[in-house]
Amino acid sequence: MIRYLIRRLPSIVLVLVATSVIAFLLPRLVPGDPAAAVAGPDASPQTIAAIRTQLGLDKPLINQYFHWIGGVFTGDLGQSLQFQRPVSELIGDRLGSTVQLALLAAIFLVIFGIGLGILAGSARSRWARTLVEGTNTGFLAAPPFLVGLLLILLFGVAIRILPTSGEVSVLDNPNFGFQYLLLPALALALPMSAGVARLVQTSMQAIRQEDFVDLAVAKGVPPWRINIRHILRNSLGPAVVAIGIRFGDLLAGAVVIEAIFARNGLGQLAVSGAQSNDYPVMQVLVVGAVFIAVVAQLLTEITLSALDPRVRLG
Amino acid sequence: MTKPVPAPPRAPRRRPRGGAWARYARALRTPRGITATVLLLVLVALALLAPVLWPGGYDEQTRDALAPPSAEHWLGTDEFGRDILTRTIYGLRTDLSLILTAVPVSLVIGTLLGLSGYLSSWFGSLMQRVLDIILGFPGLILGIIIVLVIGPGWTALFFAIVIAGLPGFGRLARGGLLSEQQREYVLAARTLGVNKSTVMVRHILPNVVDPLLVQASIYMVVAIFIEAGLSIVGLGINPPKPSLGAMLNVGARYVETLPSYVLGPGAVLLLLALAFTLLSDALNQAATRR
Amino acid sequence: MGKQIGRGRRGRTAVHGVMALAMASVLTTGCELAVNQQGGGSKASCQPGGTLVAAAAQPPIPARVLAQGAANYFWVRAVFEPLLTVDGNDVTNVKPLLASSYKIAPDDRSVTLQLRDNVTFHSGRPFTSADVLFTIKQALTPTSPSDVKSILAGWQVEATGEHEVTIRSQTPLSPVLGSTLELTPIVDSQTYAGVANGSSLIGTGPYKVASYQPGAQMVLARNENYWQKGQPTLDRIENVAIPDSTAQLSALRSGRAQLSFGLTTQDALTIAQRNGQFEVLKTGQTVYPLVLETRSGVFTNKTVRQAIGYAIDRKRINTQVLGNLGTTTGLYWAEGTEDYPKGLENRYRYDPGKARQMIKDAGATGAAVPITIINNPVLHAEYEIIANSLTAVGLKPALIALAAPDYQQRLASGTGGNYLSFRGQNGTAPFMVQTNADLRLQGAHRQFTTPQYTNLVNQVIQAGGGAQEAGAVKNLTEYMLDEAFMQVLVTAPGVAVRSTSLQNVPIALGGLRPNESCLSR
């Protein structure tokens with residue numbers, strides 16, 4: 001496995017370099033002048049031009065790019081145009097919140113996704129399967145913000161048992177922190193778990209028709225053991241891929257959930273950055289997000305190979 | 001304690017006759033297939049016939065805003081006095097026009113990108129890296145950038161949906177490829193001299209297609225949410241044209257005073273999700289594995 | 001094989017057992033509920049102390065201390081104070097604040113202000129006339145965001161004593177003095193460099209900045225050495241940014257926030273009506289104009305421009321978008337001012353038939369009307385009604401929805417086309433024609449410009465009060481209504497939502513003045 005990682009290193013570097021160029025150029029393709037956003041709604045063109053110079057936006061693009069890249073190696077990720085603060089500070093303030101939410105949501109995603117999938121894939125009676133599939137389809141058709149809204153109405157307004165606005169870091173106060181995380185993580189994980197569950201269920205149903213399953217049944221292996229040890233293990237492949245894909249979503253922008261629950265996370269920073277053409281913020285967030293996705297993909301492939309010996313790494 | 005008696009072995013499976021298309025056609029005759037097809041046909045018919053059934057269009061504004069359901073307005077009126085039912089069906093029309101074009105395109109391109117690794121390993125790796133980049137891009141940001149660059153409207157949403165779906169399909173295709181390409185039947189075919197692209201299309205592809213169909217059915221609904229998410233920041237379909245996602249956004253604010261605003265589009269969305277789910281199930285059950 | 005079965009079954013039971021135990025422990029160890037930490041007040045008597053949580057839709061922008069803006073609404077007048085203060089809901093109500101008194105010369109071209117001598121900045125340094133000069137100089141730099149630059153540029157300001165300032169101007173002072181000074185709060189010359197990025201925000205106000213998290217929140221703590229004894233009442237103010245309206249409603253209903261700004265008028269009215277714990281707070285008048293592109297396209301023709309005035313259903317915009325709180329009289333000026341031309345109200349009444357005919361006669365039926373807006377829910381909603389109205393009279397409207405950097409750039413460079421905007425009604429007509437971006441002569445966002453317009457605007461600026469000013473404003477207004485290069489659709493108050501447990505929340509032009517605000521607990 002170490003050899004596999006070392007073999008992948010050059011392509012990872014290539015991806016990061018390509019991403020840095022894309023992350024630099026793509027936001028600048030969006031029409032509009034960030035200096036105009038900074039100058040405010042009543043500004044005159046002279047003010048906008050002066051602010052543009054002050055922000056260093058009229059230097060040639062190549063200079064700006066290498067200035068940024070050079071800064072990255074010394075720990076200076078750039079300065080936000082909207083807030084005039086180091087990007088590293090803005091991200092640092094929000095990283096904890098997003099990571100905590102993503103981790104708890106990922107745990108829920110695995111539990112509910114695979115759990116529901118197993119239930120649906122191994123349910124013997126038709127009504128059980130229909131019930132589970134109905135719930136699943138319900139989740140599938142529910143937009144994340146609607147799920148969040150319903151959770152707020154249920155547990156924040158109707159029965160006032162969980163907080164629905166703001167956050168407390170789990171590191172500061174584990175009890176409160178967890179309570180603040182619960183509803184957002186559920187709202188994030190439940191709709192996504194429907195997709196994962198479907199993949200698990202479909203795989204299980206397909207695998208169930210394989211010869212080795214017939215053999216196990218003939219041998220007299222108990223049904224639940226067939227489900228878990230034989231069928232599930234072989235059908236987890238697509239589910240693992242799906243979870244790997246979703247994890248990128250979780251981390252890089254649970255934007256809508258963060259917005260509804262008034263959590264101060266990276267997603268909000270990314271959206272406000274995109275809407276005000278805050279190039280330095282966007283550049284760093286995009287490269288960071290891609291890096292995390294690449295790592296997640298590596299982990300996925302390693303997990304796949306552990307589950308399925310037919311898959312050779314690389 | 002006696003061990004439970006295992007269920008008697010199932011009757012031996014008969015290998016159905018006919019090629020792939022015949023198999024899929026047969027699939028549609030199963031109970032699931034029939035339900036799904038009927039549901040989809042009804043929804044598509046409603047969408048296509050909307051201008052005939054509701055000739056007034058979706059922008060008949062009146063002074064009677066946010067009225068509760070009545071005989072004249074089955075789902076009530078929205079904040080500008082327009083009939084919610086009419087707008088729901090026209091919204092379905094808009095969304096179907098988007099997803100029935102963009103999702104298949106995304107599926108095809110994504111699958112080709114994912115399977116390309118079989119033909120040429122360096123091109124396949126390159127494509128995987130491209131997919132990595134697209135996938136890593138924060139979703140809503142990618143959507144916002146695409147829409148802002150192209151200019152808000154149907155075309156921008158089409159591209160946003162196609163591009164955002166590529167990594168999902170590509171990864172699944174590649175995952176399937178990795179599993180299948182070491183299998184005996186593939187090695188056998190290659191030994192017999194069948195060239196790589198034929199092997200890829202004729203042998204590997206059908207076995208990889210199950211999770212892709214599932215992902216496609218999921219993505220149909222996710223695509224609607226992508227449009228909804230972009231509508232929240234004002235970059236969705238241009239008003240006054242309705243879309244299910246945008247209606248859900250606005251309706252969510254009135255969920256306690258006028259729940260029919262959310263229930264209308266929500267129910268249609270549920271039926272759509274159901275239809276696609278049943279359809280992909282039916283098609284999957286049909287595909288033989290060997 | 002028996003051993004394997006046993007291990008498997010035990011394994012599964014073990015997993016279930018752990019999960020159950022975990023859930024039980026969480027639910028039963030008497031863990032404190034976070035919801036109980038969040039307060040909810042009632043209308044009982046006001047207590048000193050306490051923390052006010054104010055939710056704003058935009059995060060604070062320290063760089064814009066010298067400008068007016070929604071983002072700074074809840075904190076900037078708590079930290080920084082101007083010489084004169086103007087009531088946000090009544091621009092004729094001007095009171096001295098950091099100035100103890102002021103005297104305008106009979107010729108209305110100069111004013112002497114006496115400054116209070118007991119004021120210190122949060123750093124401890126005493127406030128003197130030098131700080132006034134410094135502040136005005138900062139407001140005039142090319143990168144300054146000040147809305148009143150053009151007026152300040154025409155002033156000569158002199159420190160005629162340690163606590164006395166004299167201002168001289170070529171144009172009449174009394175119509176513009178209050179608003180101009182209110183929108184130029186006094187900053188600390190020693191630490192102003194740290195204001196733009198929020199690292200040091202030192203003012204003279206009743207609250208100091210305790211902490212600032214860029215893009216997220218600002219926490220203010222009571223200034224123990226505030227120059228007005230007995231103020232402020234509250235201990236802390238937490239200004240948190242909550243952009244999503246669902247989340248703002250959540251924050252209010254859960255008791256986390258007692259004040260919120262940024263909800264649409266409809267949402268604010270809904271929560272106030274359904275919940276006796278909340279009331280709507282008016283935050284000053286806002287004008288919603290539609291400004292037309294007059295250099296090219298269908299609106300080069302004056303008849304077609306006037307037809308628009310008859311075509312749009314303003315009353316419906318007022319009712320369905322702005323909560324029926326506004327007026328549709330169609331004039332840009334503030335109603336309470338003495339130069340308000342009442343006779344010119346309602347020049348254009350809703351008459352789609354007449355509009356259709358006018359457009360047909362001008363040969364403009366079927367013409368494309370692209371309208372540019374910034375992505376703001378109120379403007380989106382306004383557009384839907386306007387589009388409906390224009391389609392009904394035979395035109396073809398299309399929406400161009402832009403994000404801030406694009407919208408602001410196009411408007412400032414004069415390429416905005418037909419656009420919808422919203423502007424604060426911050427003063428008298430002479431004040432507005434010098435500062436408002438749709439009306440002013442230099443650096444305006446509108447494209448319409450004629451020598452006659454310039455002439456009439458200059459007359460308003462030079463008029464200087466009384467009958468002469470009223471006459472000049474009347475002439476300008478008649479010209480504007482006749483040329484119809486913009487249509488003022490609705491003038492409506494901005495709204496904030498406050499919990500009834502929060503008392504004494506006066507609004508100045510620059511924002512909330514929480515000096516005497518208090519909470520009942």
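First, a definition: two residues are in contact if their C-beta atoms, placed from the backbone, lie within 7 Å. Keep in mind that this is a predicted model.

Now the chains. With that cut-off, 56 residues of chain A are in contact with 45 residues of chain B. Sorted by class, chain A's side of that contact has 37 nonpolar, 14 polar and five charged residues.

Next, chain C. Here 51 residues of chain A are in contact with 43 residues of chain C. Several elements of chain A give two or more residues to this side, including helix 2 (34-39), helix 5 (87-122) and helix 8 (174-207) of chain A. Which helix of chain A gives the most to the side that touches chain C? That is helix 3 of chain A, with seven residues. By class, the side of chain A that touches chain C has 27 nonpolar, 18 polar and six charged residues.

Now to the helix pair, in chain B. The axes of helix 7 (residues 184-191) and helix 8 (residues 196-232) of chain B come within 11 Å, and they cross at roughly 150°. Angles over 145 degrees count as roughly antiparallel, so helix 7 of chain B and helix 8 of chain B are roughly antiparallel to each other. The crossing of helix 7 of chain B past helix 8 of chain B is right-handed.

Which residues meet there? From helix 7 of chain B there are Tyr185(B), Val186(B), Ala189(B) and Arg190(B), and from helix 8 of chain B there are Val199(B), His203(B) and Ile204(B). The residues of this contact divide into five nonpolar, one polar and one charged.

Methods: Residues are numbered from 1 along each chain as its sequence is written. Chains are lettered from A and ligands numbered from 1 in the order in which they are written. This is a predicted model: local features need pLDDT of at least 70, side-chain atom pairs count only at pLDDT 80 or more; totals for chains, interfaces and linings use all residues. Helices (H or I, at least four residues) and strands (E, at least two) are DSSP runs, numbered from the N terminus. Ala, Val, Leu, Ile, Met, Phe, Trp, Tyr, Cys and Pro count as nonpolar, Asp, Glu, Lys and Arg as charged, and the others, Gly among them, as polar. Axes are lines fitted to C-alpha atoms, for helices over the stretch in contact, and angles run from 0 to 180 degrees between N-to-C directions. Angles under 35 degrees count as roughly parallel, over 145 as roughly antiparallel, 65 to 115 as roughly perpendicular and the rest as oblique. A crossing is left-handed if the near helix is turned anticlockwise from the far one by less than a right angle, and right-handed if clockwise.
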